[in-house]
Each structure stands twice: as structure tokens, then as C-alpha cells.
Amino acid sequence: MKSLRKIITRSILLTAAIALLLVAINMAFTTNWMFKYSGSQPLKYAIADISDGLSSVDGTYTLNAAATTMMEEQYAWAMLISRDGQVIWDKNLPGDIPRHYTLTDVASFSRWYLNDYPVSVWEHPDGLLVLGDPKNSIWKYNITSTEDTIAHVPGLLTGFLILNVLSALALALFLGLWLYRKLKPLYDGITALPKKEPLSLPTGGVTGEVSRILNETSVILSQQEQQLAHRDQARTEWIAGVSHDIRTPLSMVMGYASELESNPSLPATEQNQARIIRQQSQRIKSLISDLNLASKLEYHAQPMELAPISPAALIRGVAVDFINDGLPEPYSLSVDVPEEANGPILLCDQALIRRALTNLIDNSIRHNPRGCAIKLSVTKSTDGLVLKVSDNGKGYPPELIKNSGGLDESPLLGNHGLGLIIVRRIMKIHGGNIVFENLPQQGCATSLLFST
């Protein structure tokens, strides 16, 4: 939900920033337009300069060069009306412009238009100077305002700016809320997919297509989950059935082999062959048991019998069982339990944890045929308890240590059989962790980490 709020917040801020940017751009554009098209020099000063450049010598009027340039740059034509209403000088005067005017005529065009020509006027010593522009080139309109209105212009502009800012923020908030309402179902649906929860999102609106795809994906995942569950159940049942079917004939083989091994009437060679048959049959029986247990652990079909136990007593019991069963001569087994490790209690399935420790000890024996010193220990950690099995043998292959923490269990299989995989799955259903490492001096260690 935090990520969705983060998206919505960023969307609101981005929308507000865009709206405020548009306001700033509009203000800048308006200001630039006003400066560009209003002219850099007040119009009355240009007219005054042109009027000053118009002079008369012996009744003949001439316009000096500077005034001529200004006029040609800003106006299309010009004329000078005498005080009695006659045009006494003109330049580029259109043909439809009269050459005689009354006082009423002058009053009507002095601020507006003369025959649809926009005109500007200025007082000249000999009369009235009239400067004209082409038709339809300038829009002239009278705007009248009171002093009170002009005095309130700064406040009005400030209010207009504040209104724009508030409108931008309101727009951003509206779009953010709208986006939140549209995205929240999608967010809920996406977060529900990993949980295998069924989806039924509304397929209308702008997000309808995405909602439809999520609904279809949910159905597909649900179907796949059911297919996988059926397949896993079938595989587990098949392994359990095969294990059960093999157990009876295998027990008969082991029984007959044991009788032949102990039959004094058989030669020593045949007795030894019977012993080998019994040992290998026992190994097959152990492998079948491992396969069945590994399958149950993978699909959580192994019942858990949790009980509080003393980890120190547990590892001592495992060590005693190995020693009593006759630990071969090249191997030694010791137990290291510090004083502070005698007190803690571990909530676990005792049989499964014993199986994990037994598998680790068997792994050390199997992979060190020349013998090694095996040690069981229990220590307290900051988060819980650590049960460790270590030896001074040849250690683990580097690829096993490198990939032991991933989802792929094939590095654990290797030539170690199912023993290490079973240990890992036992720790997984206990909510613990397992760490494989090679010791600096020699050998390896496997740590079973329990949280308490």
C-alpha cells in the first residue's frame, strides 16, 4: 500500500507542477506579447518627432530625413490640415481621403478612424498633423476606467494569480484521487496474485483491460496451482506406495541373507556374500526411507509432533546411539556443550531433528573413508540456538557451499544422496536455517540455526 501512496503522491505533485508551469508560461507569453506588439517607444513621442520634422519655407512644406524614416517605418500616409480645414501638405495620401474638413469631421476621426483608416493626430504649429495606417491594420477601442478600478488592479492581479494556483492544486488533487480510485483495485489484485487468491476486478473504465488480464491471470494461476497440487499428491502417493510394496520383499531378502550369513555349514566365502547382500539390502531400505521422507517433507505431508526438548540432551543422545551401534575404528565422535547451553529449551519435532543430526554424521562418515573426528555442539546465538556437526575431513565441494542457499537443491544432491536435502527440508518446516561451510584449518561444519 505504501508503494501505491507513493505513486499517487508523485502523480499529484507532478500534476501540480505542470499546472503551475503552464500558469507561468502563460504569464510569460502574455508579458512578451505585450512588449513585442505594443512597441518599444510610446506612440505620441514618435508623432511629436515627425511633427517637429515637418517645416515650411516660403509656403512649401518639407519633411526632413529622420522624420521621413520614422513615418515610413510606422505609418502608411500623412497629411497636415490647416486651421481652416484645408489639407496644405500630404504624403502618400490615399485617393479616398477628403482634402477639406470641418470641426465636426476632425472631432470624429481624431481618436478613431478616417474612412476606415486608423489614424493618429498631433498638434502642429500650422494646424493638425494626421498620420494614417492601412485599413484593418490596427484595432482601436475606447476603454474607460475609474480611479478606484485602477487602484484595485494590483489586488485583482494578485487574486487572479492565487486563484490560478488554487485551481492548479485542486486539479492536481482531483486527478490524484481519480488515479488512486482507478489504481487501487489493480494494486490489490497484483498483491493478491502471489497469494493465489481469486480475483474479480471490475473491467469497466480506463483500467478495464488491465483488470481483465489480471482476472484471466488469476484463473490461470489457480488452475496451475490445482494441477500442481494433484500432480504432487499423485507423486507422493506413488512414492509411498512403491516404498510400501518394496519393503516386504526387501525384508524377506534381508531375513534370508541374515540366516545364510549365520549358517555355520556354509563356507566363509558364501557367508561373506550373504553379509554383503544383507548390508546392501539395508542400504536400499535406508534409501527408500529417505526418498519417502524427502517427498513428505517437500509437500508438507510429514506430520509434526512439536515438543519442548533440551538440545544438549538431544545431541548427547544422538552421540550415544552412534557409539552404542559400534562406530568404526577410524572415526571418533565427541560432544561439546558449554555451561550456558544446558538451560535453553527448543520447541521442535525431536524425531526429525535427530534424523537431521544422524544424516549429517552419516555424511561425514561416508565421505571420509580414511576416518575423521566428528564433533556435535550446541551454542546460544543472539537470535536463538545453533546445533552444529563438524569434522576434520576433506570438507564440502565449493559448488555445494556456493549454491546451498538457493531454491535449486541439485547442488545438495550430488554424491551426497538425499541426506542433505532431508536436513534442509527438516529445517525449513521448523522455520530455521542451515549453513554449510568449510573450516579454515581442515574439514567442514554444518550449522542448524533455530530462532527462539
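1. Start with the cavity lining. The residues around the largest cavity divide into 4 nonpolar, 3 polar and 1 charged. The model is a predicted one.

2. The lining residues can be named. They are Leu360, Ser364, Val389, Ser390, Asp391, Tyr396, Cys444 and Thr446. Asp391 is the charged residue in this set. The volume of the largest cavity is about 30 Å³. A search of the whole structure turns up 1 cavity of 30 Å³ or more.

3. Which elements each supply at least two residues of that lining? They are α10 (350-366), β12 and β14 (444-451). Strand β12 gives the most, with 3 residues.

4. Now the sheet that holds β12 and β14. Its 5 strands run in the order β9-β11-β12-β14-β13. The sheet is open, and its pairing is mixed. β9 (332-336) and β13 (433-438) are the edge strands. Each has a single partner, so one side of each lacks a neighbour in the sheet. From one strand to the next, the twist averages 15 degrees.

5. Look at one pairing within this sheet. Strands β11 (residues 373-380) and β12 (residues 384-391) are antiparallel and share 7 bridges. Leu376 sits opposite Val389 in β12. Val389 is also one of the cavity-lining residues. Helix α9 (residues 311-324) packs on the sheet and touches β9, β11 and β12. The direction of α9 makes about 170 degrees with that of β11.

6. There is another open sheet of 5 strands, in the order β4-β3-β7-β6-β5. Here the pairing is antiparallel. Which strands stand at the edges? They are β4 (87-91) and β5 (113-114). Each pairs with a single strand, so one side of each is left without a neighbour in the sheet.

7. β3 and β4 run antiparallel and are joined by 4 bridges. Met79 stands opposite Asp90 in β4. Helix α3 (residues 65-74) packs on this sheet. Its contacts are with β3, β4 and β7 (127-132). The angle between the directions of α3 and β4 is about 70 degrees.

8. Last, the aromatic rings. The count of aromatic pairs comes to 3. One of them joins Trp77 and Tyr117, with 5.9 Å centre to centre and 90 degrees between the planes. Why is it called edge-to-face? Planes over 60 degrees apart count as edge-to-face, so an angle of 90 degrees qualifies. The pair links distant parts of the chain, 40 residues apart. Trp77 lies in strand β3 (residues 77-82), and Tyr117 in strand β6 (residues 117-124).

Terms used: Residues are numbered from 1 along each chain as its sequence is written. This is a predicted model: local features need pLDDT of at least 70, side-chain atom pairs count only at pLDDT 80 or more; totals for chains, interfaces and linings use all residues. Side-chain values use heavy atoms; hydrogens and water are left out. Two strands pair if DSSP finds at least two bridges between them. Axes are lines fitted to C-alpha atoms, for helices over the stretch in contact, and angles run from 0 to 180 degrees between N-to-C directions. Contact means heavy atoms within 4.5 Å. On a 1 Å grid over the protein atoms alone, a cavity is a set of points where a 1.4 Å probe fits but cannot get out, and a pocket is an open set with protein on both sides within 12 Å along at least five of seven lines; lining residues have an atom within 4 Å of a point. Grid points are joined across faces, edges and corners, and a volume is the space filled by probe spheres set on the points. Rings of Phe, Tyr and Trp (its six-membered ring) pair if their centres lie within 6.5 Å; planes under 30 degrees apart count as stacked, over 60 as edge-to-face and the rest as tilted.
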